Amino acid sequence: MAKLIKRLPMLPAERALKVISGRWKAVILYHLFDGPRRLSALQALMPGITQKVLIQQLREMEEHGVVRREIFAEIPSRVEYSATQLGLSLEPILLALCQWGQHHADELNEMDRLADCIIRPRQAQDAHAV
């Protein structure tokens with residue numbers, strides 16, 4: 001990487017949390033797990049995010065190696081974002097975090113306040129498509 005990454009924590013768990021922390025990073029990754037997306041498509045999928053914040057979160061994830069930005073030599077130019085192999089390896093981790101969040105809410109009797117997980121195992125998604 002040509003750009004110097006801000007120093008990440010030495011503790012591996014803290015490092016992992018730093019890479020995926022952010023209000024929108026898990027949601028952005030979820031949408032990129034299905035394949036490359038243009039900025040406008042990502043923004044349409046997440047109406048609550050501003051373009052400025054979306055670009056900031058994408059840049060941070062690109063800096064940490066979990067998202068790739070590809071610029072196509074077209075007129076007008078086209079830019080697509082995709083999850084790298086390293087980014088795709090976060091899918092089971094984000095699913096586990098979602099399931100733990102459900103368990104936590106259940107233990108505190110707050111399931112009625114909880115949204116559904118948007119991250120689902122790939123096999124379950126494929127089975128529903130058939």
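Q: Which residues touch the most other members of the largest nonpolar core?

A: Nonpolar side chains tend to be buried together in soluble globular proteins. Here the largest nonpolar core has 22 residues, and I28, L32, M46, L54, L58 and V67 touch the most other members. A nonpolar core is a set of buried Ala, Val, Leu, Ile, Met, Phe, Trp, Tyr and Cys residues joined through side-chain atoms within 4.5 Å. Buried means under 20% relative accessible area, exposed over 50%, and partly exposed in between (1.4 Å probe, protein chains only).

Q: Which elements supply at least two residues each of this core?

A: Helix 1 (12-20), helix 2 (25-33), helix 3 (39-45), helix 4 (51-63) and strand 3 (78-83) do. Helix 2 gives the largest share, 5 residues. Helices (H or I, at least four residues) and strands (E, at least two) are DSSP runs, numbered from the N terminus.

Q: What does L58 touch?

A: Leaving out residues up to four places away in sequence, L58 touches I28, L32, L39, L42, V67 and Y81. Contact means heavy atoms within 4.5 Å.

Q: How far can the model be trusted?

A: This is a predicted model, with residues numbered from 1 along each chain as its sequence is written. Local features need pLDDT of at least 70, side-chain atom pairs count only at pLDDT 80 or more, totals for chains, interfaces and linings use all residues, and side-chain values use heavy atoms, without hydrogens and water. The mean pLDDT (the predictor's confidence in each residue, from 0 to 100) is 86, and 85% of residues reach 70 or more. Over residues 124-130 the pLDDT is below 50, and this stretch has 3 contacts beyond near neighbours in sequence.

Q: Which residues lie nearest the centre of the second largest pocket?

A: Rolling a probe the size of a water molecule over the atoms shows where empty space is left. In this pocket, R15, A16, V19, V66 and L90 lie nearest the centre, among 15 lining residues. A pocket is an open set of points on a 1 Å grid over the protein atoms alone, where a 1.4 Å probe fits, with protein on both sides within 12 Å along at least five of seven lines; lining residues have an atom within 4 Å of a point. Helix 1 gives the most to the lining, with 6 residues.

Q: Is L94 buried or exposed?

A: L94 lies in helix 6. Its relative accessibility is 5%, so L94 counts as buried.
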